[in-house]
Amino acid sequence: MAGRDILIIVFEGVQSLDVTGPLEVFTGAGAYRITTAGPGGTPVRTSSGLALLPDLDLSTAPRPDTVVVPGGEGTRSNDPAVVEWLRQHASRARRVASVCSGAFLLAEAGLLAGRRATTHWRVCDSLARRYPDVEVDPEPIFVRDGPIATSAGVTAGIDLALALVEEDLGREIASEIARHLVMFLRRPGNQAQFSAQLSAQLAVRPGLREVQRWIADNPHADLSVPALAERASLSPRQFARAFAGEVGQTPGRYVDNVRLEAARRLLHDGDDGLERIAARCGYGTAETMRRAFVRALGVAPGEYRRRF
C-alpha cells in the first residue's frame, strides 16, 4: 500500500462524475487509499446539485502519491484555497491529474506552464487564451506530460484513471476494472475526443441512421455508395446527397473515419497482425491501411502500435 495514496480535491460547483468516475476506478483496483478533501472540509454542492462531504480539510491533507483535480462550473472562479494548495503542495506528489476543466486550476497554479495539456473541447480555446504558456491540444482524451496528466470532459477522467492503474498495477487489472464498469472499451489517451460517429451528425431519417449504425458495426463490409444506398432503399445519387446533407460528411469520408477508428482500436488493444487488422477494418491489405494511416495521422500502423 505504500505510495498508493490518492487525494481527490473537491470544491463548490465541482462536476460529480469527475470525482466519482476516477474514484470508482481506483476503488475497483483494491490497492489504493483514497481521500477526498476540500477547503475547510465542509460539504460542497456539485454542479448537478448533489452534496458531497469530503473526508478532510484540504489544508490538513497528508502528502499524497497522486492528486486528482476534477472540473466543473466551480473552476470558473478558481477557488483561491485550491489554487494555493496546488502551488504549495502539488509538486510533492509523484503525479497530478486533472479532469475536464480542472486543467484551469492546474494552469492558475502554474503547473502547466511550458507543458502540453488538454481539457473539455468546449473550453480548450479559453484555456489557451488565458494561459498562453500552456500548449493546449484539443484532440486527445488525455495527455501525459511528465508528472502532469490532463484529460478531456467527464468520462475521459475514467479513461485517464484506468491508464494510471495500468501504469501502477498492470494491464490485466485495468482491463478487469473496465469490464466491471461495463465500459465498451478502454480508450487510449491519443484517441480523439470525438469518435467518427460523434464528430458527424446523426442523420434525421431512420433509414440513414440505420446505415450509420451498420457502418460502425461492419467496417469490413462493402461500404461503397451503391451498397449503402441499397440498404437505405435509395438510388446512389439520392443516398449520397441525403447522407452528406444530414450527416455533414460524404459517405466516403464517413467510412474512412470509421475504418480508421476501428483500426486504431485494434492496434492499441489487440494482438492481431497488420494484415488481419486491415481485413477486419475493410482495408483489404496492410499496404492500403498503411497509406490511410500516413495520410490521416502521419504515421504508419506499425509505428502507431509501438507508440501507443
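## Basis of the model

The structure is a predicted model, in which local features need pLDDT of at least 70, side-chain atom pairs count only at pLDDT 80 or more, and totals for chains, interfaces and linings use all residues. Residues are numbered from 1 along each chain as its sequence is written, and side-chain values use heavy atoms, with hydrogens and water left out.

## Helix α10

Helices (H or I, at least four residues) and strands (E, at least two) are DSSP runs, numbered from the N terminus. Helix α10 covers residues 236-247. The expected span of a helix is 1.5 Å times one less than its number of residues.

Residues are classed by relative accessible area: buried means under 20%, exposed over 50%, and partly exposed in between (1.4 Å probe, protein chains only). In α10 the buried residues are Phe239, Ala242, Phe243, Glu246 and Val247. They lie on the same side of α10, because they cover an arc of only 100 degrees around the axis; the arc is that of the directions from the helix axis to the C-beta atoms. Arg237, Arg241 and Gly245 are exposed on the other side of α10. The buried residues of α10 pack against α8 (206-217), α9 (225-231) and α11 (251-269). Just after α10, Gly248 has a positive phi of about 85 degrees.

Side chains of opposite charge can pair when their charged atoms come close. A salt bridge is defined here as a side-chain nitrogen of Lys or Arg within 4 Å of a carboxyl oxygen of Asp or Glu. The whole structure contains 20 salt bridges.

Arg213 takes part in a salt bridge with Glu210, with the closest N and O atoms 2.5 Å apart. Because Glu210 and Arg213 are 3 residues apart in helix α8, about one helical turn separates them. Arg213 also forms a salt bridge with Asp217, where the closest N and O atoms are 2.4 Å apart. These two residues are 4 residues apart in helix α8, so they too are separated by about one helical turn.

Arg33 and Asp5 form a salt bridge whose closest N and O atoms are 2.6 Å apart. This pair links distant parts of the chain, with Arg33 in strand β2 (residues 33-38) and Asp5 in strand β1 (residues 5-9), 28 residues apart. Arg33 is partly exposed at 37% relative accessibility, and Asp5 is partly exposed at 23%.

## A network around Asp168

A network of salt bridges links Asp65, Arg94, Arg95, Arg144, Glu167 and Asp168. Asp168 lies in helix α5 (residues 156-169) and counts as buried, because its relative accessibility is 18%.

The side chains of Asp168 and Arg95 are joined by a polar contact of 2.5 Å. A polar contact is a pair of N or O atoms within 3.5 Å; within protein, one must be able to donate a hydrogen and the other to accept it, and residues adjacent in sequence count only if both atoms are side-chain atoms. Residues up to four places away in sequence aside, Asp168 touches Arg4, Tyr32, Arg94 and Arg95, where contact means heavy atoms within 4.5 Å.
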